[in-house]
Amino acid sequence: MTSSSLSLPARRILRALLLSSLIPASSAAFAGAADAVYTPTVEQGETEFELRGGYRDFGNGPNEHAFVFDVGYGVTNRWRTEAVLEYAAEGGERGKLEALEWENVFVLTEPGKYWMDLGLLAEYEHTFADGPDEVKIGPLLQKEIGPAVANLNFRFKHEVGSGASNDTGLDYRWQLRWRGNEALEWGAQGFGELGVIGHLGEGDWHSAGPAVFGMHRLPGRDKIRYNAALLAGLSSGAPDAALRFQVEYEMY
């Protein structure tokens with residue numbers, strides 16, 4: 001296949017990957033401050049540009065902030081693939097580009113057909129620092145409950161490459177959104193770590209707080225989606241407070 005035979009969205013994704021591969025390395029990974037809650041929904045032919053950001057305040061340690069930019073494309077109505085670039089900083093240090101990630105969302109059930117919608121998230125993260133890469137995979141669950149929509153993600157994380165650990169970590173994120181005025185809807189979000197397989201509960205932490213969601217329709221089928229949350233630590237090891245946001249431009 002030649003570059004001229006690729007569709008415009010596909011060329012945009014390849015361009016983002018090539019540019020990202022030229023960026024110098026960073027020293028650590030803190031982009032979790034900009035983590036998102038994923039939903040098992042995909043629209044074929046949709047090109048998505050997304051910006052996420054987050055800040056974590058640790059009372060007994062350095063604070064973290066991060067930004068994530070990604071470009072995605074709905075290849076089919078069951079598969080969306082994305083190129084993700086992560087920027088982060090800790091404490092008063094200068095921020096750096098820290099990782100390039102290939103992310104995929106798969107829809108496993110027809111939306112609304114069963115008691116719960118099911119999807120799968122699969123990610124490969126290449127760090128720019130000296131150290132192992134990481135593979136992440138886990139289920140995406142969605143359930144409509146009256147006027148609300150509930151989402152729950154679990155993610156298994158395992159290092160690969162030189163210096164990789166044998167441990168497999170497990171984290172989670174969830175959200176509850178009350179549907180109403182699509183420009184501004186209310187809800188809650190939560191994030192946390194459950195530890196490593198075989199020792200779950202050791203070193204775990206949990207945070208949650210109120211969230212807002214919204215969507216603005218543009219001429220044609222294009223849309224802008226956004227959400228933000230203010231999170232409080234619910235256990236030791238969690239950030240004392242965290243602020244996160246996400247903005248998506250969806251075009252066809």
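Student: How many salt bridges does a search of the whole structure find?

Tutor: The search finds 20 salt bridges, the term meaning a side-chain nitrogen of Lys or Arg within 4 Å of a carboxyl oxygen of Asp or Glu. This is a predicted model, in which local features need pLDDT of at least 70, side-chain atom pairs count only at pLDDT 80 or more, and totals for chains, interfaces and linings use all residues. Residues are numbered from 1 along each chain as its sequence is written, and side-chain values use heavy atoms, with hydrogens and water left out.

Student: What makes Glu-123 and Arg-155 a salt bridge?

Tutor: Their side chains meet at 3.4 Å, N to O, and the cut-off is within 4 Å, so the pair qualifies. Glu-123 lies in strand 5 (residues 117–127) and Arg-155 in strand 7 (residues 148–160), so the pair ties together parts that are 32 residues apart in sequence; strands are DSSP runs of E, at least two residues, numbered from the N terminus.

Student: Why is Lys-157 called buried, and why does Glu-193 count as partly exposed?

Tutor: Buried means under 20% relative accessible area, exposed over 50%, and partly exposed in between, with a 1.4 Å probe and protein chains only. Lys-157 has 14% relative accessibility and therefore counts as buried, whereas Glu-193, at 21%, counts as partly exposed.

Student: Which residues are linked with Glu-193 in a network of salt bridges?

Tutor: The network links Glu-193 with Asp-35, Glu-123, Arg-155, Lys-157, Asp-171 and Arg-173. Within it, Glu-193 forms a salt bridge with Lys-157, the closest N and O atoms being 3.0 Å apart.

How values were computed:
Helices (H or I, at least four residues) and strands (E, at least two) are DSSP runs, numbered from the N terminus.
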